[in-house]
Amino acid sequence: MWKDKEWREPAVLLTGIGIANFGAWVYLIALNLIVLDKTGSALAVAGLYIVKPLAGVLTNFWSGSVIDRVNQRNLMITLDVLRAVLIACLPFASSLWLIYVFVLLINMAASMFEPASMVYITKLIPETHRQRFNAFRSLIDSGAFLIGPAVAGVLFMMGTPVTAIYLNAAALVVSALILRSMPKLEQGGADLELSAPMSWEIIRTDWKMVIAFSKSARLVMAVFFLFSCMMVMAAAIDSQEATFSTRVLGLTDGEYGLLVSVAGAGIIAGAIVNTVFTKRLGLAALIGGGSVMVSLGYLVYAFSSSFAGAAAGFFVLAFSLAFANTGFHTFTQNHIPVDIMGRTVSAFSLVEAVLVIIVTAIIGVASELATVQQVVIVSVLVMSSISLLLLAVSFKQSKETGATEVVLTGEKPTT
């Protein structure tokens, strides 16, 4: 465990991240209700979920070039304040399309914030402490997942969804104020300024750099890409979750709500266990093993014919997510050079966003042509194949990294 002085700054950072994530859940639920109230259309609400990957496509091809060239702390503060202002403007949007524009801009800022925070955390947290830090981060994210919707429900009973929107804006302002107390980390404490104006030539050069690094670290980037593919399949399968639960399993709205609560219990239980035992698990076991268990949970869910089976699957997949996410974040921080991390993470996030749009569309169309259960089962089998491949590649990469470290420490390799 960290000493008190070593713990102080990570604890402050975790507090800022937790407050922002808590507000995000309140905002998401409130926004759904606002759009549904304005339009009365489920399709209009579904459009909100298309905006997020679209924002990633519009942002990630260039944002990494900015992230790696500026002060990440100042950038995170700026993005928090920008999102707070845009969210506070949402209740004044007079049309659905204006709401979509605001949501697009908010998600574009969020798409930049994630890799910027990844770079900042890598610089702030020593390598020996990152896995434990990420385990605590998973625990805080899980708490936000449970508490956020509950607080949103209370706010809806006391007032309106607009109140919840303003609460999220306030949470982001608080997060920005907390980040202001964090160190800048860059030499000389550089301000939020680019050393040279951005241009297509710089972006093109940066993409070549990312491609060159990916070729030189094939196994590292294979693990990164396969995990991204896992998340793509999870997002696409989740798009059919409500339809599968109501039409295939025949659950009522109340039972479906209970099913989501079971997933919430699984997330928080997994995060707690992960926090306690994370130091005893290697990254390959966390990423590969966690991903296989997530797929197993989806398999149980896909082949279930009752609430009990679906609940068991939901609990297993939610429980395992904390381990997989902790492993993935730590793996990224330990194996991608921090000076090109923003560009690399943003580039692969772009690929992931494109795949989410394509795969979700394919699964949506397939569900109209075949039965929902058939489509979900096939999708989960694809996910399971990816997770098994990820498990194998993770352990292969881990062994090669271990062998390399033996050579670098001066020990003679066996011949």
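## Helices α8 and α11

The crossing of α8 and α11 is left-handed, in what is a predicted model. The contact draws on Val-223, Phe-227, Met-230, Ala-234, Ile-237 and Asp-238 from α8, and on Ile-287, Ser-291, Val-294, Ser-295 and Tyr-298 from α11. Sorted by class, the residues where α8 meets α11 are 8 nonpolar, 2 polar and 1 charged.

As for the geometry of the pair, helix α8 covers residues 218-238 and helix α11 covers residues 283-302; the two pack with their axes 12 Å apart, at an angle of about 20°. Because that angle is under 35 degrees, α8 counts as roughly parallel to α11.

## Helices α11 and α12

Helix α11 also packs with helix α12, which is formed by residues 307-335. The axes of these two helices come within 7 Å and cross at roughly 155°, and since an angle over 145 degrees counts as roughly antiparallel, α11 is described as roughly antiparallel to α12. The crossing of α11 and α12 is left-handed, and the residues in the contact of α11 with α12 comprise 18 nonpolar and 11 polar ones, with no charged residue among them.

## The chain as a whole

When contacts between residues at least 6 apart in sequence are considered, 87% of them join residues that are at least 24 apart.

## Confidence in the model

The average pLDDT of the protein chain is 84, and 88% of the residues score at least 70. Over residues 404-415, however, the pLDDT is below 50, and this stretch has 2 contacts in the model beyond near neighbours in sequence. Where pLDDT is low, the predicted coordinates should not be read in detail.

Ser-291, already named in the contact of α8 with α11, has its place in helix α11. With a relative accessible area of 1%, Ser-291 is buried, because buried means under 20%. Leaving aside neighbours within four places in sequence, Ser-291 is in contact with Phe-227, Met-230, Leu-286, Ala-324, Ser-387 and Leu-390. Although Ser-291 and Leu-391 are 100 residues apart in sequence, they are 7.7 Å apart in space, C-alpha to C-alpha.

Val-35 lies in helix α1, which spans residues 4-39, and is buried, with a relative accessible area of 0%. If residues up to four places away in sequence are not counted, Val-35 touches Gly-40, Ala-44, Val-45, Leu-48, Leu-96 and Ile-99. Between Val-35 and Gly-47, which are 12 residues apart in sequence, the distance in space is 9.9 Å, C-alpha to C-alpha. His-329, in turn, lies in helix α12 and counts as buried at 15% relative accessibility; with residues up to four places away in sequence again not counted, His-329 touches Glu-114, Met-118 and Asn-134.

Note on methods: Residues are numbered from 1 along each chain as its sequence is written. This is a predicted model: local features need pLDDT of at least 70, side-chain atom pairs count only at pLDDT 80 or more; totals for chains, interfaces and linings use all residues. Side-chain values use heavy atoms; hydrogens and water are left out. pLDDT is the predictor's confidence in each residue, from 0 to 100. Contact means heavy atoms within 4.5 Å. Axes are lines fitted to C-alpha atoms, for helices over the stretch in contact, and angles run from 0 to 180 degrees between N-to-C directions. Helices (H or I, at least four residues) and strands (E, at least two) are DSSP runs, numbered from the N terminus. Angles under 35 degrees count as roughly parallel, over 145 as roughly antiparallel, 65 to 115 as roughly perpendicular and the rest as oblique. A crossing is left-handed if the near helix is turned anticlockwise from the far one by less than a right angle, and right-handed if clockwise. Ala, Val, Leu, Ile, Met, Phe, Trp, Tyr, Cys and Pro count as nonpolar, Asp, Glu, Lys and Arg as charged, and the others, Gly among them, as polar. Buried means under 20% relative accessible area, exposed over 50%, partly exposed in between (1.4 Å probe, protein chains only).
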